[in-house]
Amino acid sequence: MELDVMLCDHAQVSGEKLFISGANIDRMVFPAGSPAPYVVNLSAAGLVSVPWAATNAEHTLAFQMVTEDGQNPPLLGEEKPGENVIGGQMEFNLGRPPQLAAGESQNVPFVFNFAGIPLMTVGRYVLVFTLDGVEARRLSFAVEASG
């Protein structure tokens with residue numbers, strides 16, 4: 001299976017279509033001197049390409065947000081910084097429609113929305129995506145207080 005994913009302002013899945021707005025986010029800039037928390041709103045949107053041989057089976061797409069050094073990001077209100085995990089998963093199982101020829105792939109659109117994540121530090125963050133427990137992709141973005 002293959003995974004294509006991007007960071008954007010907003011996305012949604014409707015039927016089998018993926019609608020994306022404001023794609024290609026790689027940094028969030030807050031005014032210089034802004035105090036924490038740095039409230040982040042973004043979406044991770046993409047497609048999982050499922051080959052014919054992987055249909056009729058349960059699959060899991062999961063993600064976790066970590067700091068650039070692999071730690072859970074510190075959030076507003078935590079007793080111990082980094083104690084909460086930001087992540088999620090979706091499960092899917094595609095059948096083989098009669099018109100699907102052997103060797104053809106099918107796409108599964110997905111969106112993970114992040115609304116109001118109160119990050120306590122500037123720096124780089126990474127979304128680590130796995131397919132069936134195997135790392136498939138990393139996307140990074142920076143949170144900056146400058147300008």
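At 39% relative accessibility, Arg27 counts as partly exposed, a label that covers the range between buried, under 20% relative accessible area, and exposed, over 50% (1.4 Å probe, protein chains only). The model is predicted, so local features need pLDDT of at least 70 and side-chain atom pairs count only at pLDDT 80 or more, while totals for chains, interfaces and linings use all residues. Residues are numbered from 1 along each chain as its sequence is written, and side-chain values use heavy atoms, with hydrogens and water left out.

Side chains of opposite charge can pair when their charged atoms come close. Here a salt bridge is a side-chain nitrogen of Lys or Arg within 4 Å of a carboxyl oxygen of Asp or Glu, and a search of the whole structure turns up 3 of them. In one, Arg27 meets Glu144, with the closest N and O atoms 2.3 Å apart. Arg27 belongs to strand 3 and Glu144 to strand 9 (residues 134-145), so this pair ties together parts that are 117 residues apart in sequence. Strands here are DSSP runs (E, at least two residues), numbered from the N terminus. Glu144 is partly exposed, at a relative accessible area of 24%. Arg27 also forms a salt bridge with Asp26, and there the closest N and O atoms are 3.7 Å apart. Asp26 is partly exposed too, at 37% relative accessibility. Through shared partners, the salt bridges join Asp26, Arg27 and Glu144 into one network. Another salt bridge brings the side chains of Arg138 and Glu135 together (2.7 Å, N to O), with Glu135 partly exposed at 44% relative accessibility.

5 strands make up an open sheet, and its order reads 3-9-8-5-6 with mixed pairing. Two strands count as paired if DSSP finds at least two bridges between them. Strand 3 and strand 6 (86-92) stand at the edges with a single partner strand each, so one side of each is left without a neighbour in the sheet. From one strand to the next, the twist averages 15°; for such angles, axes are lines fitted to C-alpha atoms, and the values run from 0 to 180 degrees between N-to-C directions. Strand 5 pairs with strand 8 (residues 123-131) in the antiparallel sense, over 7 bridges. Met65 stands opposite Leu127, which is in strand 8. Gly70 turns up in the loop between strand 5 and strand 6 and is partly exposed, at a relative accessible area of 46%. Although Gly70 and Val126 are 56 residues apart in sequence, their C-alpha atoms are 8.1 Å apart in space.

Then there are the rings. A pair of aromatic rings is described by the distance of the centres and the angle of the planes. Rings of Phe, Tyr and Trp (its six-membered ring) pair if their centres lie within 6.5 Å; planes under 30 degrees apart count as stacked, over 60 as edge-to-face and the rest as tilted. The structure holds 6 aromatic pairs. Phe63 and Phe114 make an edge-to-face pair, 5.3 Å centre to centre with 80° between the planes. This pair links distant parts of the chain, with Phe63 in strand 5 and Phe114 in strand 7 (residues 105-119), 51 residues apart. Phe63 is buried at 9% relative accessibility, and Phe114 is buried at 6%. Phe110 and Phe112 form a tilted pair, 5.7 Å centre to centre and 50° between the planes. Phe110 is buried at 2% relative accessibility, and Phe112 is buried at 10%. Ring pairs link Phe63, Phe110, Phe112, Phe114 and Phe129 into a cluster.

A ring can have a charge over it as well: the charged end of Arg96 sits over the ring of Trp52, 3.8 Å from its centre. That label needs NZ of Lys or CZ of Arg within 6 Å of the ring centre and within 35 degrees of the ring normal.

Finally, a few backbone details sit in the loops. The peptide bond from Ala36 to Pro37 is cis, with omega near 10°, and Pro37 is in the loop between strand 3 (27-30) and strand 4 (38-51). Asn24 is not a glycine, yet has a positive phi of about 80°. Asn24 is in the loop between strand 2 (17-23) and strand 3, and counts as exposed at 66% relative accessibility. Asn56, not a glycine either, has a positive phi of about 60° and belongs to the loop between strand 4 and strand 5 (59-67).

Key:
Helices (H or I, at least four residues) and strands (E, at least two) are DSSP runs, numbered from the N terminus.
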